[in-house]
Amino acid sequence: PYVLALHGPNLNMLGMREPHLYGADTLADINGRLAAQAQAAGMGFDWLQSNAEHVLIDRIHAAYTDGAAFIIINPAAFTHTSVALRDALAAVKIPFIEVHLSNVHAREAFRQHSYFSDLAVGVICGLGAKGYEYALSHALNHLHARA
Ligand code: DQA
């Protein structure tokens with residue numbers, strides 16, 4: 001079993017992208033810390049970033065059969081637009097946590113609706129890159145409790 005982190009559009013630009021909102025860490029920094037955290041707990045880890053909706057959907061479909069036990073997803077702008085990505089997560093029934101770097105509820109009105117939150121185990125937003133680590137901690141506890 002392993003934990004899968006999925007990162008949506010424009011998150012490849014972390015570090016340079018609106019750092020006042022999204023912080024100074026790069027996506028490589030974030031994934032590197034998650035991989036180390038998972039490894040320390042004896043859990044596998046994989047990640048994917050894509051700017052393309054269908055690539056994220058195809059990865060979720062693959063996760064259905066390839067041993068993914070938990071998903072941590074920042075759907076980025078697709079949070080507010082993508083019924084298709086929501087339906088993919090509903091189809092595979094892999095538990096997931098929705099993470100946002102920024103506090104989407106303190107921002108524009110269009111960021112305050114998510115197509116994912118009602119299906120998620122939980123939602124973390126506004127805690128910056130730490131939010132991913134908190135999500136992974138929860139996933140690891142949950143998976144070890146189940147094992
Ligand atoms: C985001 C918030 C979204 O509204 C935005 O489109 C992003 C990043 C966040 O992590 O704060 O790209 O998901």
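The unreviewed UniProt entry lists Tyr22 and His100 under "active site"; UniProt positions are given here in the numbering of this model, feature names are shortened, and annotations may be inferred rather than shown by experiment. The model is predicted, and local features need pLDDT of at least 70, side-chain atom pairs count only at pLDDT 80 or more, and totals for chains, interfaces and linings use all residues. Residues are numbered from 1 along each chain as its sequence is written. Although the two listed residues are spread over 79 residues of sequence, they cluster in space, with a largest C-alpha distance of 9.0 Å.

Tyr22 is found in helix α1 (residues 19–22), whereas His100 has its place in strand β4; helices (H or I, at least four residues) and strands (E, at least two) are DSSP runs, numbered from the N terminus. Tyr22 is buried, with 20 other C-beta atoms within 10 Å, and His100 is buried with 22, where buried denotes 20 or more other C-beta atoms within 10 Å of the residue's own, exposed 12 or fewer, and partly exposed in between, with C-beta atoms placed from the backbone. Leaving aside neighbours within four places in sequence, Tyr22 is in contact (C-beta atoms, placed from the backbone, within 7 Å) with Leu14, Arg17, Leu101 and Ser102, while His100, with that same exclusion, is in contact with Asn74 and Cys125.

His100 also belongs to the residues around the ligand, which include Asn10, Asn74, Leu101, Ser102 and Arg111.

The largest nonpolar core has 34 residues, of which Ile71, Ile72, Tyr132 and Ala135 touch the most other members; such a core is a set of buried Ala, Val, Leu, Ile, Met, Phe, Trp, Tyr and Cys residues joined through C-beta atoms within 7 Å. The elements giving two or more residues to this core include β1 (2–7), α2 (27–40), β5 (122–125) and α5 (130–146), and β3 gives the most, with five residues. Not counting residues up to four places away in sequence, Ile72 touches residues including Val3, Phe96, Val99, Tyr132 and Ala139.

In helix α4 (residues 83–92), Leu85, Ala88 and Leu89 are buried. Seen down the axis of α4, the buried residues fall within an arc of 95°, so they line one face of the helix; the arc is that of the directions from the helix axis to the C-beta atoms. What covers these buried residues includes α3 (53–65) and β4 (96–100), whereas Val83, Ala90 and Ala91, on the other side of α4, are exposed.

How values were computed
Near = placed C-beta within 6 Å. Contact = placed C-beta atoms within 7 Å.
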